[in-house]
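Here's a quick tour for anyone who wants to get their bearings in this fold. Have the viewer open as you read.

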Amino acid sequence: MSRQTLLTQQHALQCLGTALGFVLLRSIATTHRLPPQADEASLYVHWPYCLKRCSYCNFNKYIPRNQNHAVMTACLQRETQTLLQLSQVSRISSVFFGGGTPSLAQPSTIAAVLETVSKHAHLSDEAEVTLEVNPTPAGKASLKDFTLAGVNRFSVGIQSLNDDHLRTLGRDHDSQHALWTVSEARTLCPGRVSVDVMFALPGQSVKSWESELEKLLPVCDDHVSLYQLTLERGTQLFKQVDSGELSVPGDDVTAVMYNSARGVLEKAGFRQYEVSNFAKNNAVSEHNIGYWKGRQYIGVGPGAHGRFVLRAVGGVQREARTQTLEPDVWIREVQRHGHGTRRRIQLDHHGLLEEVLVMGLRMNEGITQQHWKLFSPEDDLQQIFGMSEKVQEFQAGGLLKLNNRGLRCSWEGLALLDSILPTMLLELEMFFKKQYTSRKTDIQRDR
């Protein structure tokens with residue numbers, strides 16, 4: 001799966017804190033215990049290079065003037081080693097090579113990183129190892145070599161099977177390239193191929209979108225990720241829409257497109273298990289489930305994000321870490337320090353629960369009481385949200401379900417998650433404020 005959803009949610013957490021006037025109460029006492037599953041993590045490896053920049057893309061990617069694969073490989077290995085040693089995890093549950101266009105990396109680079117992982121932590125032979133693939137002839141030619149290097153799952157960025165839409169998006173492939181790549185990937189990794197598809201594109205109608213899905217389903221494998229086009233300021237596509245040169249579907253039409261796609265996929269046997277992700281034959285992305293369930297992950301490579309405990313230096317709380325964005329600068333920092341971490345933020349109890357809430361509500365199953373208690377043994381979901389009038393309104397409107405089993409969005413609620421989350425985060429904040437006020441009063445009374 002593309003990193004788009006994860007990065008959007010992380011950015012939303014930061015923005016919501018400012019927009020809602022959050023004051024994160026770092027003074028609330030938190031017990032010094034390790035978060036759950038601190039001895040294992042997933043690994044994300046970012047390959048920052050692309051052949052060209054797509055018209056809609058504002059991701060951390062670069063068009064290399066000259067590229068030294070040996071240096072890049074050595075730095076990815078060294079940073080992987082450093083961060084694994086800092087985390088002291090004994091097991092890596094999954095590995096995801098994203099980008100950028102990681103299928104432009106040499107298969108030997110993939111093999112070298114996996115070898116480094118295996119030297120410092122247990123990586124099972126059955127562990128999911130995903131490679132994002134751009135369906136260009138350059139990417140397709142080496143798919144078999146990538147499987148020999150250790151990849152056992154492909155995520156293919158089709159984006160569209162309409163050649164006009166692909167040209168508008170600035171993609172460097174056409175629909176035939178996409179179909180060939182998916183076919184080759186399915187031959188190599190049957191049942192373990194995902195396709196990324198975008199909707200709400202310029203000039204797209206509900207009817208043409210449904211027609212495109214019907215064309216896609218017979219050739220795709222057991223996993224589909226749907227992404228609504230987001231117009232990012234500063235991109236070529238944003239400028240074209242802003243100037244009136246192109247137009248995109250309105251919010252009402254976009255909502256119909258999303259729900260229509262959910263229906264089409266369900267009829268084809270795909271179960272929606274997350275806002276943007278659908279699988280049949282239980283072919284879910286184990287790596288991305290780790291994000292949504294609040295598990296640790298280590299981010300390696302330029303601009304990569306991570307969330308893990310630095311156990312090697314006595315850490316007991318997770319850190320949110322971001323690596324240096326620009327590849328040349330990142331390379332120099334790794335060569336000098338062993339890693340290119342540029343930003344570190346320690347997540348307290350409240351900050352961790354914010355992430356568990358935001359990511360967990362993306363899943364069809366939501367957040368079970370049992371899962372929440374892994375992170376918050378003292379305060380359960382009913383205590384935090386049960387008395388909220390706003391949450392009760394969401395329940396009465398059929399958007400949210402809160403009961404003894406846990407907290408989750410309904411089918412209708414998942415489509416409106418972005419409008420539900422600010423309220424849920426505010427309710428979590430208010431709960432902590434009340435706790436802080438109550439404890440402060442108790443301390444003053446004891447004096």
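## Ground rules

This is a predicted model, in which local features need pLDDT of at least 70, side-chain atom pairs count only at pLDDT 80 or more, and totals for chains, interfaces and linings use all residues. Residues are numbered from 1 along each chain as its sequence is written, and side-chain values use heavy atoms, with hydrogens and water left out.

## The whole chain

The chain has 18 helices and 15 strands. Those are DSSP runs numbered from the N terminus: helices are H or I with at least four residues, strands are E with at least two.

Of the 447 residues, 56% are buried. Here buried means under 20% relative accessible area, with exposed being over 50% and partly exposed in between (1.4 Å probe, protein chains only). The chain exposes about 19600 Å², and carbon and sulfur atoms supply 49% of that; the areas come from the Shrake-Rupley method with a 1.4 Å probe.

Now for contacts, meaning heavy atoms within 4.5 Å. Among those in the chain with a separation of 6 or more, 73% are between residues 24 or more positions apart.

## Strand E1, covered on both faces

Take a look at strand E1, residues 40-47: eight of its eight residues are buried. In a regular strand the side chains alternate between the two faces of the sheet. On one side of E1 you'll find Glu 40, Ser 42, Tyr 44 and His 46, and on the other Ala 41, Leu 43, Val 45 and Trp 47, all buried.

Which strands does E1 pair with? (Pairing takes at least two DSSP bridges between two strands.) Strand E2 (residues 91-99) runs parallel to E1 and is joined to it by seven bridges, with Leu 43 opposite Val 95. Strand E9 (residues 297-300) also pairs with E1 in the parallel sense, over four bridges, and there Val 45 sits opposite Val 300.

Tyr 49 lies in the loop between E1 and helix H2 (69-87). Buried or exposed? Tyr 49 counts as buried, because its relative accessibility is 9%.

## A three-strand sheet

Another spot to check is an open sheet of three strands, ordered E13-E15-E14 with antiparallel pairing. Strands E13 (367-368) and E14 (400-403) each have a single partner strand, so one side of each is left without a neighbour in the sheet.

E13 and E15 (residues 406-409) pair over two bridges, and Thr 368 stands opposite Gly 406 in E15.
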